[in-house]
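Welcome! Let's take a friendly walk through this model, starting with how its chains meet and then visiting a few residues one by one.

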Number of protein chains: 4
Amino acid sequence: MGMVGGGHGAFIGAVHRIAANIDGQVELVCGAFSSDSDRSKASGKDLFLPEDRCYSDYATMMTAEKSLPEGERMDFVAIVTPNHVHFPVAKAALEAGFHVLSDKPATLNLAEAQELAALVEKTGLKYGLTHNYTGYPMVKQARALVRNGELGTIRKVVVEYPQGWLATPVEKENNKQASWRTDPEKSGAAGCIGDIGTHAENLAEYISGLQIEELAADLTRFVDGRMLDDDGSVLLRFAGGAKGILYASQVSVGEENSLTIRVYGEKGGLEWHQMEPNTLLVHRLGEPTQIQRTGNDYLDSSSTDHARIPPGHPEGYLEAFANLYRNFAADIASDLLGTEAPPYASDYPTVSDGVRGMAFIQAVVESSSNNAAWTKLPL
Amino acid sequence: MGMVGGGHGAFIGAVHRIAANIDGQVELVCGAFSSDSDRSKASGKDLFLPEDRCYSDYATMMTAEKSLPEGERMDFVAIVTPNHVHFPVAKAALEAGFHVLSDKPATLNLAEAQELAALVEKTGLKYGLTHNYTGYPMVKQARALVRNGELGTIRKVVVEYPQGWLATPVEKENNKQASWRTDPEKSGAAGCIGDIGTHAENLAEYISGLQIEELAADLTRFVDGRMLDDDGSVLLRFAGGAKGILYASQVSVGEENSLTIRVYGEKGGLEWHQMEPNTLLVHRLGEPTQIQRTGNDYLDSSSTDHARIPPGHPEGYLEAFANLYRNFAADIASDLLGTEAPPYASDYPTVSDGVRGMAFIQAVVESSSNNAAWTKLPL
Amino acid sequence: MGMVGGGHGAFIGAVHRIAANIDGQVELVCGAFSSDSDRSKASGKDLFLPEDRCYSDYATMMTAEKSLPEGERMDFVAIVTPNHVHFPVAKAALEAGFHVLSDKPATLNLAEAQELAALVEKTGLKYGLTHNYTGYPMVKQARALVRNGELGTIRKVVVEYPQGWLATPVEKENNKQASWRTDPEKSGAAGCIGDIGTHAENLAEYISGLQIEELAADLTRFVDGRMLDDDGSVLLRFAGGAKGILYASQVSVGEENSLTIRVYGEKGGLEWHQMEPNTLLVHRLGEPTQIQRTGNDYLDSSSTDHARIPPGHPEGYLEAFANLYRNFAADIASDLLGTEAPPYASDYPTVSDGVRGMAFIQAVVESSSNNAAWTKLPL
Amino acid sequence: MGMVGGGHGAFIGAVHRIAANIDGQVELVCGAFSSDSDRSKASGKDLFLPEDRCYSDYATMMTAEKSLPEGERMDFVAIVTPNHVHFPVAKAALEAGFHVLSDKPATLNLAEAQELAALVEKTGLKYGLTHNYTGYPMVKQARALVRNGELGTIRKVVVEYPQGWLATPVEKENNKQASWRTDPEKSGAAGCIGDIGTHAENLAEYISGLQIEELAADLTRFVDGRMLDDDGSVLLRFAGGAKGILYASQVSVGEENSLTIRVYGEKGGLEWHQMEPNTLLVHRLGEPTQIQRTGNDYLDSSSTDHARIPPGHPEGYLEAFANLYRNFAADIASDLLGTEAPPYASDYPTVSDGVRGMAFIQAVVESSSNNAAWTKLPL
C-alpha cells in the first residue's frame, strides 16, 4: 500500500501502519507522508522506504505509482490526513485507479460524500473506511446475536462515547491533535460529534442492523473560545420504531475513550465497552446474564474469524484496526488472484457508511441549531 | 409510627418496616394496612400489634390515634400505599396533626403536590419523602464533592435508570406490583418515568445541587396494550447552563435496578452505581481515578454519618432507606425533646422534592406529547 | 433475647442488634452489656430497656432471667464479647437453660469447644455461631450448585480474606478493636488466622461441602512488637482429595474486608466476593460464564429464601447477618410453638462449626510452629 | 530475524511473528519452521519468504545464514519450538554467532540453563527470553512503584495463574498444544507449573524486585492418566523476609488466562490482572485506591515508554509481546549501529531469568515430591 499523511508526530498514521503490519499481509511500499517534501522523505526513511517512493505530494504519488509496472506499484492508498484532505486524496486515488482505505470521516460534508460514493460506484474500485471499532471480535458477536434474532425485535439502543481530553483549551497549548479537530476548516461542521459521535453512530447501526431515521440533538461548546461543539446529546429514532440515545463528549473529565453500547430487544439485551473489549454481556429474559469472551468456541464464526489468539489473551484496539486491514486486503487479493474470498472479506465499512456518517453530522448540526428539533437524516 | 398500606403481599411496606427497625429508634405502634379490615388486622397481628390498633381505614386511624394520650399515640404516619392514595392520606395525617413520611411520588399530580406543600407549611409539621437512593453514604459523598467545589462548575449530568421487569406484559399475569404501576388511575400520568424516572431526577438534582429548568422528552410504550410509558429518554437543561441526559426504562431486558449517575465538571467527574453502592469513582484532571468507598476516614463527614459498619462490610438498599428513617426520626425527636439536632437530621427529601418531582413528570409528559419540544418545569 | 457484651463503643454488639431487628422477629429484652454496671445500665437505657433488666454481669442475668415467668424471660442469649468470654457465658447460659447465639470463635481453644459441644448435646438446647458470611443469598446459591452436582467432583478451593487495617501498630493507638484482637489472652492462640481465617475456613467448608483434613501453614507477624500473627498462608487438603489454598491477612494495605472464594470442580467453577455479595460467577465447561444475582427466580430456593427485596436492590452484610438471626429464631420458634419449621430454620452454623474452627486454629498454629509441616485437624 | 519452529498450526510462532511485525523494526528473513522440509517450505511461502531461505532444519539454517554477507543474513534467531528443542537451537545459534530470542522456558532443566548462561556469557551475544507478561505497560508501572519505594518494604506477594483448558484430557483428543505440554519428554519435569507457573514466578520477581529463596509446593495431577501436574499451590519465602503464594492451574474450569498479581508493602499495595491489563490498582495507607491506566502522563516513563496509543485505546497481549521484540531489537541495533541505546533497550528478560525459572521448577518438583517440604532454589 501507499500512504498519504502520517508523517512524524501523527497519531493515526502510526496506528494504520501497525494495523497493516500485524498480519503480515500488507506491505507499505510508498507514501506522501507530509506536504513538506523533506519531512515526507525523512518519514519514509524511518519506515525503510526507498527515497524515490517517498513523494512530496499525493498527486505526484498517484502519477508516479500508476506508471510503475503492475505487481510493483502500490495496490491501494491508505489516507491518514486530517479530515479536510480525505476527499481530495480519495478522489485522486480512485481516478488514478487505486483502491482506497480512508480514515474517517470520509469527507468534510455530505455533498462530497455523495460525490465520492458515485465515484466509487463508477470506478468499481474498493473503498474502505476505518470505523475501526466495528473490527472488534465482540462487536462482531453482538451484531451476530442481533442478526440471529437472539434479542428479538430491537427496542432501544444506548450508545455513548465520552472522552475528557478536551476539557480544557488544549488546542491553544500546541496540541496538534486538538488544534485541527477544533478547527472547522479542517474538521468540518461538527467537532466532538464528528470526531467521535460518528463512531458511535456507525457502531450503533452496525450492531443493531437498524438505520437512524431522525434525531434531536443538543450540542454544546463548554470550553470558552472553542469554535466547535465539544459535547453532544442526541435522541434517536430508528426506522422501524426503535428508540435511542447517543451521547458524545470530549469534556467528560476522567473518561479516556469510553465508547459503550447497550442494545435491548424484546427477548434480550447486550452491553459492550470498548475499553474492556473482549467481554460482551448478553442478557436473556429470565436467565442469568452471560459473559461472552473473545475467542471462545461458543461464539459465532463471524466473531472467532476476527480473533488471533486464545481466550484470555487480550486483543485490543490495534488488533481491531488490523481486522479492517486484513479484511480489506483479503477483498482486494481475492479479486486480484481470482480466488474465493473468505467470508470476512466483505466485512469492513464502505463508502455507504461514509455517506451515512456525513448525513448524521449534517442532521445533528441542523437539529441543534434548531433547538433540538427532530431532523431527518437527509438521505 | 403508624403505617398506612403495606399489608400482606406488599413490597414497599415491608421495606419501610425494615428501614424503621434497623436502628431501633422507631417503633411501629399501629396501622391501617389494608382497606379490607380483616386483612388489616391479620397483617397487624403478624407484626405483633394489638388488634385495637389495627385500623380498618386511615381516617379511623387518624381519629383514634389523635384521641390517645401523647407518648402513647403514634408520632408520625408512614404512607406506603399505591400512588393515588399518597395525597389523601398525607392530607388527613397533617390535618390530624401528625408528621408524615410518605413513599414517593408525593401525589398523583402537580396541583395536589402544591396543595400538599401549602398544607405542610401551614401546619408546620414535618413531611419526608422516601427518595431512598439519596440515603446511600456514597451519594452523600458525591453531593459533598460537588458542594465543596472539587469538580468545579458542573457541565454535564448523565443519569439513567434501566430496569427490565416490565419487558413483557406481566401486568396481565396477576403481578400486583405491575398492575397498579401501569394503571393511570393509580400511577398517575406517567408510568416508568413516574415510577423510577423521578428517582433519577431527584438523585441528579440532589448530587449536582442544580435544578432542571427545561427538558425534551421522548416517551415510548413498547409493550402492546400497555397504557403508560415503559421507556423514556430525556434531554435536560439545568439552571446555570449545565446539560444532561436522563434515561429510564422498564423494558431493558437483563437490567435489574441499575440506577447510575455520572457528573462532570470543569475540574473533575464522578460516577456511582446503585447496584454496587459502596463505591464512588472520582475523577480529577490529570490524575488517576480514585475508588472512594463507604465508611473510610477520607470521606466527608456527611457521608460517614450515614454508614454503620466498617469499610468493606457492604451496606445496601435497606440501610440507605433506613438512613431516611433515622434522619427523619432524629428531626422529630430533637423537636420533641428540645435537644440539638445532629447535622444529618435535616438531610432527607421533603415536600419540595415532591413538588419538583410532580413538575418533572408533568413537563416530561407534556414535552413527549409535543414531540419532545423543550418544556420548562412549571414552577 | 438477652445480650452479653455490646455496650457503648463495641462494634459487633451493634451489628447483632441490627441483625436481630431487621426482620422484626426478635426483641431485645435484657442485657449485661458491660462488666461495669453503670455502663451496662447506660447502654441498656439507650436501647430503651428497663433498668431492672440491665444486669451488671452475665451470671446475675442468667439467674434473674431464669426466675422470670416463661413468655416474659429472654428466649436466648446473644454473646458479643471479646473471644475469651464466649465460652464461660455460653456455658452459663446453657446451664441455666437458655439457647445461645454466639459470636465466633466459639471458644478460646479446642478443648473448650469440645466441652461446649458436649454441653449442647447434653442440654438439647440450640447453639448458633455467627459465621455470618454463610448468611449471604449467593453463598447459599454457591452451596446449592455444589450440592446439586453442577460443578462435578470438587478439585480445588481457593479462599482468601485480606484486610489492611492492622498494617500499622494501631493496637498501640487506643484502637479498642485492635487491642483485644492482638492480645493472646483475649483472642486466643492465633491473631489474624483466628479472627478472620476461621471465617474463610468455615465458608470454604460450607460451600464445598468438604472437610479440611490436613494443612500446611506459614504464619507471619509483620508488624514489629505484635504478639500474634497478622498474616497467614495455608495449603489445604480436603478429605476426598480436593486441594486448597487459604490466605488471610490483616496487613494487606488497601484491602477492606475482601473475603473471596473460588471453587473448581470437574465440570464447573464458581467465584464469590463478599464485598460485592449479590453477584456469583458460575463457570461451566465450554459455556460462557454466568452472572447469577441475588433474588432472581433462576436461583435455588435455598438462596431466594434468604433474600428480602427484588433483584438489583443490594442486600449487604447486615442482611446476611440477619439471616442467621432469622433462621435461629425460626428454629427456636417452631420448637416453642410446635409448628413445622421452614426449610431454612436449620440453616445456621452450630457448635460443630465451632469445634472445627478451633481445630483449624490449633492445626494452623501447630503447623506454622513446625515450619509449615502438614498437620491433621485434631478431630 | 530467522525463526526456528512456528510452522503451520503452531500457536506461539504466529504470536512471535505478529510481535515482531508490530513496530516494523524487525523483518523475518528466513526460517526452519518444521522438521519436515516440505512443511517448512510451505510455511515460509505463506510468509512471503524465498524458498532458499526456508531451511529443513535449524543446523542447516545456522550454517547457511552464517555464510551470507553481513547485512543480508539474519541478525538473530527466534526460537518458538516445543520446550525440549529450546536449548539445542539456542546453543547452535550462539555458537554460530547469532543473538537469540527464545520462547520460555529457556531449557528443559536447570543444568542446561546453566550451560546456556555460561555460553551466553562466553559469546557475549544477546539472549532474550519471552516472559512476555513483563512487557505490559502497567507491569512496568507496578515495578516502578515498588522500585521507587511507594509501597515501602514489601511484605507479601500473591501471584496466581489459573487456566481451565486442561480440565479434561484434551491431550488425548488430538489437541497439539495439549499433547506436548503434558509430555515430560517435551515439556520437562513439570507440566502446569513449568508452562505457566514460571510466568507467575518471573512476574512476581520482576515486579517485586525480590528473589524467591525457598518454597513449599503441593502439585496435583487431577486428570486421570495425565503424566504431569495440572495444578500447583506453592508457598514462597523471598530473600529479605517477604512471604508469598503462587498458584497455577490448568484445570480451573472457566478461567481463561487469568494471571493476576497482588503486592503489599508497609505503605501500599497494588493489583494487576492480565486479562484487563491496562488497569493497575494502587493502594496507599489511608487513601482511596487509585485506578492507574496505560498511557497516562502520571505514570513512570518506564511505563509510558511501552505504550503506543493514547489512554483508553486498549493494548493487549500482542503489544506486550511486541515490547520485548522492540526492546531486544533496540538493544541489538544500538550495538550494531554504535548509537546510544534508549532506556528501554535493556528491559527484557534474559538468560538469568531463564536460569531462575529452571531453578524454580526444580525446587517445586522436589518440594512436592517431599510432601511440600521447604526447598531452597538451587542457586
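## Where chains B and A meet

Chain B brings 43 residues to its contact with chain A, and chain A brings 43 residues as well. Keep in mind as you look around that this is a predicted model. Together, chain B and chain A bury about 3,300 Å², with 52% of it on carbon and sulfur atoms. Eight salt bridges are found across this interface of chain B and chain A. Look for one of them between the side chains of A:K243 and B:D218, where N and O are 3.3 Å apart.

Polar contacts also cross the interface of chain B and chain A: 20 residue pairs, both partners at pLDDT 80 or more. On chain B, the strands β6 (154-162), β7 (212-220), β8 (231-238), β9 (243-249), β10 (260-265), β11 (268-273) and β12 (279-284) each give at least two residues to the side that touches chain A. The largest share of that side comes from β8(B), with six residues. Sorted by class, the side of chain B that touches chain A holds 17 nonpolar, 13 polar and 13 charged residues.

How can chain B be laid on chain A? A turn of 180° with a shift of 0.0 Å along the axis does it, with an RMSD of 0.0 Å. That is the relation of a two-fold axis. Both copies use the same surface, as 100% of the contact residues of chain B recur in chain A.

## A buried aspartate at the B and A contact

Is A:D218 buried or exposed? Its relative accessibility is 7%, so A:D218 counts as buried; the cut-off for buried is under 20%.

Leaving out residues up to four places away in sequence, A:D218 touches A:D231, A:G232, A:S233 and A:S368 in chain A, and B:L235, B:R237, B:K243 and B:W374 in chain B. With one of these partners, B:R237, the side chain of A:D218 makes a polar contact of 3.0 Å.

## Where chains A and D meet

Now turn to another pair of chains. Here 30 residues from chain A and 31 residues from chain D take part in the contact. The area buried between chain A and chain D is about 2,500 Å², and carbon and sulfur atoms give 58% of it. Three residues, A:E256, A:H313 and A:P314, supply 21% of the area that chain A buries against chain D, more than any other three residues.

Between chain A and chain D there are two salt bridges. One of them joins the side chains of D:R293 and A:E256, at 2.9 Å from N to O. Helices α1 (12-22) and α11 (317-337) of chain A each supply at least two residues of the side that touches chain D, and α1(A) gives the most, with four residues. By class, that side of chain A has 15 nonpolar, ten polar and five charged residues.

Chain A can be superposed on chain D by a rotation of 180° with 0.0 Å of shift along the axis, at an RMSD of 0.1 Å. Because 100% of the interface residues of chain A are also interface residues in chain D, the copies meet through the same surface.

## A tyrosine facing chain D

Helix α11 of chain A contains A:Y317. This tyrosine, A:Y317, is buried, with a relative accessible area of 3%. Beyond its neighbours within four places in sequence, A:Y317 is in contact with residues of chain A, including A:F11, A:I12 and A:V15, and with D:I309, D:H313 and D:P314 of chain D.

## An exposed arginine in chain C

For a contrast, visit C:R221, in the loop between β7 (212-220) and β8 (231-238) of chain C. With 53% relative accessibility, C:R221 counts as exposed. Setting aside residues up to four places away in sequence, C:R221 touches C:R226, C:M227, C:L228, C:D229 and C:D230. A polar atom of the C:R221 side chain lies 3.1 Å from the backbone oxygen of C:M227.

Methods
Residues are numbered from 1 along each chain as its sequence is written. Chains are lettered from A and ligands numbered from 1 in the order in which they are written. This is a predicted model: local features need pLDDT of at least 70, side-chain atom pairs count only at pLDDT 80 or more; totals for chains, interfaces and linings use all residues. Side-chain values use heavy atoms; hydrogens and water are left out. Contact means heavy atoms within 4.5 Å. Buried area is the accessible area (1.4 Å probe) that two parts lose on being put together, summed over both. A salt bridge is a side-chain nitrogen of Lys or Arg within 4 Å of a carboxyl oxygen of Asp or Glu. Ala, Val, Leu, Ile, Met, Phe, Trp, Tyr, Cys and Pro count as nonpolar, Asp, Glu, Lys and Arg as charged, and the others, Gly among them, as polar. Copies are superposed by least squares on the C-alpha atoms of residues with pLDDT of at least 70 in both. Buried means under 20% relative accessible area, exposed over 50%, partly exposed in between (1.4 Å probe, protein chains only). A polar contact is a pair of N or O atoms within 3.5 Å; within protein, one must be able to donate a hydrogen and the other to accept it, and residues adjacent in sequence count only if both atoms are side-chain atoms.
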